[in-house]
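Q: I have a structure open and would like to go through parts of it. Can you help me read it?
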Amino acid sequence: MSYTPVQLFSEYDLLKNPNKTNDLAEVLRERHFKAAVLANHNYLYGTEKFRQAAIKNGIKPIIGLTVASKNDREIILIAKKYSGYQNLIKISTWLAFNSKEDFEIMDHLSRLNDILIVLDDDKYRKIDDLDIVSKSQIGYVKIDWLKKGDEIAASAFAHIESNQQNFTGQAEIKGNYLENEDFYEKKINQEALKKNEEVFGRIKNDWPKKRRLLPNFPLPVNYKNSDEYISHLIELGIKSRFKGKAVPKEYLDRIEYEKSIIFQLRLSDYFLVVWDIVNFARHHNIQLGAGRGSAVGSLVVYSLYITSIDPIKYDLYFERFLNPKRAQLPDIDIDVPGNRRQEIIDYLQKKYSPENFSQIGTFDTFKNRLAVRDTARIFGSSEASLKLFSRFIAQNSSSLEKADPNNLPDQIANLPYAKEIITIAKKISGLPRHVGIHAAGVVLSPLKLVDFIPLNKISDIVVTQFDKNDVESLGLVKFDLLRLTNLDMLADMRLLIEENYGQYLNLDHVPLNDQKTLRLFANLQTNGIFQFESDSARRAMRQVMVSDFNDIVAVNALNRPGPSENIPEYAEGKNSNKKIDYIDPSLKKILKPTYGVIIYQEQVMQIAQVYAGFTMGEADIFRAAIGHKNEQVLMSQHDSFIQGAINNHHSKEQAEKIFDYIERFANYGFNKSHAVAYSKLAFELAYIKSHYQVEFFATLLNYDRKNSYIQEIKNSDIKLKGPEINYAKSAFTGKDDTIYAGFSIIKGLNRKLIDVILNERQKGGPFLTLVDFLKRMSGSGISANDLIALAYAGSLDKFGYTRSEIIKNAASLVTAMQFGGTLLEETKIQREPEMNLLDRLNHEKEILGFAISGHPIDSLKKEIKEKGYATIPELKANKEIKIAVMIDSIRITRDKNGNQMAFLTVSDSGGEVSVVVFARQYSKISNLLKNGSLIAIMGKTQQRNDEINIIANKIAEIRH
């Protein structure tokens, strides 16, 4: 006879058990069990992972659920077959939606079919039509852990969950370990053992085999099926793309081919749902991008207006997206603006029924640093100790994994409970801590979701109890709606352009050969441009000398770790007269656009097709094998490539050379479909920056106020003004040649007051005087502090008083305002000289985040001129310099000898530059280095990564 454990737990019994699912399955096999019941509390988290791990280890997986009951204390519910598991799904979903209620058997009779109910011995009773056993009848033995030490981790979990900070590292929860199977055969009486084998032997593992649970698209009347309807939409779309002109045969043939694959794989409903999402967004003015990922390679997707990239024009391939030879569902991800994503969620929920729709759950895990901090915290570690532990773990990604609790560095070993803390942290690292909501994923089902997966509620949002991998493994389709802030920005820019010029900017009409925009890329003026504002992107553009859209796409693909190694070769091929060796004439057409460098995965596919005679489906498999580096698969593809080349009348020697050439570059090959789509988004932003600079920067500053953005505005012809009382809105706005800061950035200003100011200005026109402003603010709740904040921000400058005067008189003015207009008019404002420039600028920076009236270094203009200080725009490489600047940011680190040094970002009114302060100098002047300090630097400039920076030899504070 064999024994089946009746109630095991995994790490998905959150903050209760440290048993990892894979370890659990492996230990069950090693200890000679044939079956086991996983019965976590209330939730079915991780059950699909257990099923797969158990099957892999030759264990029969049995799914159960442990629930609490007022009448029956603890009940174990066990699925006897798949239909019983579906009932467990419904019970677990009910528990999740009604977390404050207990489970009572008599309230759930309809959900208990095909479920074995296990009760405590003293609660055992028979109920008609229910299969109930007592624990002793089936040889129940309490099993809590897999191995020694688990009880300490479980005790730590209890402290973490309750936030108790008095843990001593001792086991506070008692329990039993999983023994070998024969231990239970000897321990349990024969009658119970026989009943155990009989009961669990009858349990069927009849889960459906791999299936596809695609959502059903609701068809309009007069259409027989989804194939017919999508064909109609594709025909309308491609005709629209060609604006009434005849559609070229190449396009019609490609569409027919793609449709044949889509129909063959029965995917029309999937494409219709994606079309429906995008169609809803477009009809509700929700800004979408050009597309993303390999879906951009589909002409059908382009015809449906899901993407806006013509795949034929850019040599993009359908098979890279959907290949019948690759057994996987398509994956069309949609970038959406974060501030309107919920509208799409609401639409899907309403159209496809809340019962068929859910957002996808996720499990936030104990990352190394969190594992150590949470563990140290429950031991009552001080904040100083927590920082030391964090610093120790932050040294590298494997610090915790490699840490030996018995041999820790002295600074850690000497901390209280250090050994115990590291031991427990190692144990819990990587385990799930709590549930969350996937950033992008939603799931649609053809039937009620609770027929397939359990659901949960997080802050009233319905999510799956399974993560995305388990959702997809069951055959359900995940749709990703990814928040992309650049789309929020793009929408706001277009809205401001429409407000200012009365014209709608159609991004589909932005010419990708616009010379003004191309010059912006060539001149590296890519501040604020998606994926092109980093130092590495600028270095790549400088090397390549960008001159057309294809260069932009290439830089986008190459500017990544690995591929960046090929930038010099691309740049040399483009900008020199060096003859490019294509090895074989058949490759010239493929590689000429990238100057002999294989940049894109699609080029690998083209070479396999043209040179070795592969079909495009085979070429896609070849592309994947090259990229994934599976030796066995790679060798098989190598042999096929060589044989195909020989069959195409090429020599074996040349074929080997080309295969090596492909391997050399294709390790880093990038998806061209994605690169083109994201480069188009970057180009659209750059187009707006080139042609509508005020609208571009006014919007950009609402999302990020980097010093480099402010500096670029100040260096341009744009006037940047503060939140002036008669022009500013809540957010940054701009018109003509002026950008006004928004009231909402004023630190300390009452948010409700902003609405009052804007409403009153709209209703009664501009504020004429300070008294007029205060009269009209009567009843608004404006305080003296609000008035002071407005004064420091420069909002009230137009009224003719100095900022110092308004600040000094703020309290008396607000008091007078409360007693009516007459007293306010009679209130005498005490005169006060204006504060000096530096104080004014410092207050602006404090209250707005940046200085409007100038740069703090401007307050030293006389001294700068007298002492001959350089300015940042004047700096040239390899020169001795002295310069007066303000410190914007400081990063302190250690050199190879362990001595502290610093990297500074400093600025003047002309720009910013990086400064290196080595250890010897740092030790002398570290007390001077504070954000906002004005300093004089003497040193030498150097050029590194195409940027000039300064090596500081001497630093001194500048005083007035």
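Q: Which residue is the bridge partner of L38 in β2?
A: I63 is the bridge partner of L38. Keep in mind that this is a predicted model.

Q: In what sense do β1 and β2 pair, and over how many bridges?
A: The pairing of β1 with β2, which covers residues 60-69, is parallel and has 4 bridges.

Q: What is the strand order in the sheet?
A: The order is β1-β2-β3-β4-β5. These 5 strands make an open sheet with mixed pairing.

Q: Which strands stand at the edges?
A: β1 (35-38) and β5 (131-134) do. Each has a single partner strand, so one side of each lacks a neighbour in the sheet.

Q: By how much are neighbouring strands turned against each other?
A: By 30° on average, with direction ignored.

Q: Which strands does helix α2 touch?
A: Helix α2 (residues 47-56) packs on the sheet and touches β1 and β2. Its direction makes about 150° with that of β2.

Q: And where does α3 lie?
A: Helix α3, residues 82-97, lies across β2, β3 (73-79) and β4 (115-119). It runs at about 35° to β2.

Q: New topic: at what angle do the axes of α21 and α23 cross?
A: At roughly 30°, and the axes come within 8 Å. The two helices, α21 (residues 535-544) and α23 (residues 567-575), are therefore roughly parallel to each other.

Q: Which residues of α21 make the contact?
A: A540, Q543 and V544. On the α23 side, the residues include I567, Y570 and K574.

Q: How many of the contact residues are nonpolar, polar and charged?
A: The contact of α21 with α23 has 6 nonpolar, 2 polar and 1 charged residues.

Key: Residues numbered from 1 in each chain as written. Predicted model: local features only at pLDDT ≥ 70, side-chain atom pairs only at ≥ 80, totals over all residues. Heavy atoms only, no water. Pairing = 2+ DSSP bridges. Axes fitted to C-alpha atoms, helices over the stretch in contact; angles between N-to-C directions. Contact = heavy atoms within 4.5 Å. Parallel < 35°, antiparallel > 145°, perpendicular 65-115°, else oblique. Nonpolar A, V, L, I, M, F, W, Y, C, P; charged D, E, K, R; others polar.
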